Structure formats: C-alpha cells, structure tokens
Amino acid sequence: NETVTKALQGTLVELIDLALIGKQAHWSVVGPQFRSIHLELDEIVDLARDQYDRVAERLATIGIAPDGRAETISTTSELAPFPEGFVPATETVQRVTQVMDTIALRMKERIVAVGDDDPVSQDILIGATDELEKAAWMLRSQLTM
C-alpha cells in the first residue's frame, strides 16, 4: 500500500533527522541549565533512534526496503536545520521542541492517512507520536517557571 509506505518512509526520514538535530544540539548547547538539557537531548536522540529502528523494521516486514541513507535524509527531510556554533539553552529547547512538534503533527496526519489499511503500522505511528510528544513536553518543561 503506497499510503502506508509513504507514511512510514516519511516518518523514518524525520526521526533520523531528529536524531541528528538532537545530537548537534547536545554538542552545542550552552548556558544555564546546560547539564540537564545536554543530558535530556541524549535521551531524545535515543528515543528517535529506537523509534526509527522500529519504523524501518516495519517497512522491511511489509516488503519495502527502508531508506535511511544520508543522501535521502538530506534531500527529503523538510525539518528546520539546527544552526552552526554554540546555541543558548533557551533557543536550543525552542528549536528542538519545534522540530519535535512538527514531526508529531505530521505523524498524526499519517496516522489518519494509514487508517485501517494497516493497523500494525498505524499502532507504531501512534506509539512513536506519544513518545515524541511526551519527550517534547519534558524538554519544554526545562524552561517553564
């Protein structure tokens, strides 16, 4: 089913890009709350890696070769790139949570598109969206007072 394939492949690309963005943010965050945000970004990277592996394995299970090549990520991901250099903690949190919110919104659209065509793939998308939204809330809460 082309709809399921597009939904899973699009999710794979965005989650791989999130892992890359998260790692860059982890390396370049500076300022107040550095340590807690630095550590939490690694948790987000781990989450993205776990979820993109699950999505890739689902693609393979349904007979589609997952495409997580660097070229594919760089040419098909529409996520906002993370800036060069050191980035203040507040801006880091805002940028990373914006990326996560964008992915979650797109995943909700994919959940609807997949519908009853493939309930297993839909369940994977639902679970990944739940984890992503929770992680974004936790990161965003670092700056809430």
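This is a predicted model: local features need pLDDT of at least 70, side-chain atom pairs count only at pLDDT 80 or more; totals for chains, interfaces and linings use all residues.

A word on terms before I start: a helix here is a DSSP run of H or I, at least four residues long, and helices are numbered from the N terminus. With that in hand, the place of His38 is in helix α2.

Is His38 buried or exposed? Its relative accessibility is 18%, and buried means under 20%, so His38 counts as buried. Leaving out residues up to four places away in sequence, His38 touches His26 and Val29.

Also on the list is Leu41. Neighbours within four places aside, Leu41 is in contact with Gly22, Ala25, His26, Val29, Thr92, Val96 and Leu139.

In soluble globular proteins, nonpolar side chains tend to be buried together. Here the largest nonpolar core has 42 residues, and the members that touch the most other members are Leu18, Leu41, Met100 and Ile103. Which helices supply at least two residues each to this core? They are α1, α2, α4 and α5, where α2 covers 34-61, α4 covers 89-114 and α5 covers 119-140. The largest share, 11 residues, comes from α1.

Leu8 is found in α1, which spans residues 2-28. Its relative accessible area is 0%, so Leu8 is buried. Not counting residues up to four places away in sequence, Leu8 touches Val55, Arg58, Leu59, Ile62, Ser121 and Leu125.

On to helix pairs. Two packed helices are described by the angle between their axes and the distance between the axes. For α1 and α5, the axes come within 11 Å and cross at roughly 25 degrees. Angles under 35 degrees count as roughly parallel, so α1 and α5 are roughly parallel to each other. The crossing of α1 past α5 is left-handed. On the α1 side, the contact is made by Val4, Ala7, Leu8, Thr11 and Leu18; on the α5 side, by Ser121, Leu125 and Leu132. By type, the residues of this contact are six nonpolar, two polar and no charged.

The second pair is α4 and α5. Their axes come within 9 Å and cross at roughly 160 degrees. The cut-off for roughly antiparallel is over 145, so that is what α4 and α5 are to each other. This crossing, too, is left-handed. Residues of α4 in the contact include Val93, Val96, Met100, Ile103 and Met107, and those of α5 include Leu125, Ile126, Leu132 and Leu139. The residues of the contact of α4 with α5 divide into 15 nonpolar, three polar and five charged.

Pro88 lies in strand β2, residues 87-88. At 43% relative accessibility, Pro88 counts as partly exposed. Pro88 and Ala104 are 16 residues apart in sequence, and their C-alpha atoms are 24 Å apart in space.

That is all I have.

How values were computed:
Residues are numbered from 1 along each chain as its sequence is written. Side-chain values use heavy atoms; hydrogens and water are left out. Buried means under 20% relative accessible area, exposed over 50%, partly exposed in between (1.4 Å probe, protein chains only). Contact means heavy atoms within 4.5 Å. A nonpolar core is a set of buried Ala, Val, Leu, Ile, Met, Phe, Trp, Tyr and Cys residues joined through side-chain atoms within 4.5 Å. Axes are lines fitted to C-alpha atoms, for helices over the stretch in contact, and angles run from 0 to 180 degrees between N-to-C directions. Angles under 35 degrees count as roughly parallel, over 145 as roughly antiparallel, 65 to 115 as roughly perpendicular and the rest as oblique. A crossing is left-handed if the near helix is turned anticlockwise from the far one by less than a right angle, and right-handed if clockwise. Ala, Val, Leu, Ile, Met, Phe, Trp, Tyr, Cys and Pro count as nonpolar, Asp, Glu, Lys and Arg as charged, and the others, Gly among them, as polar.
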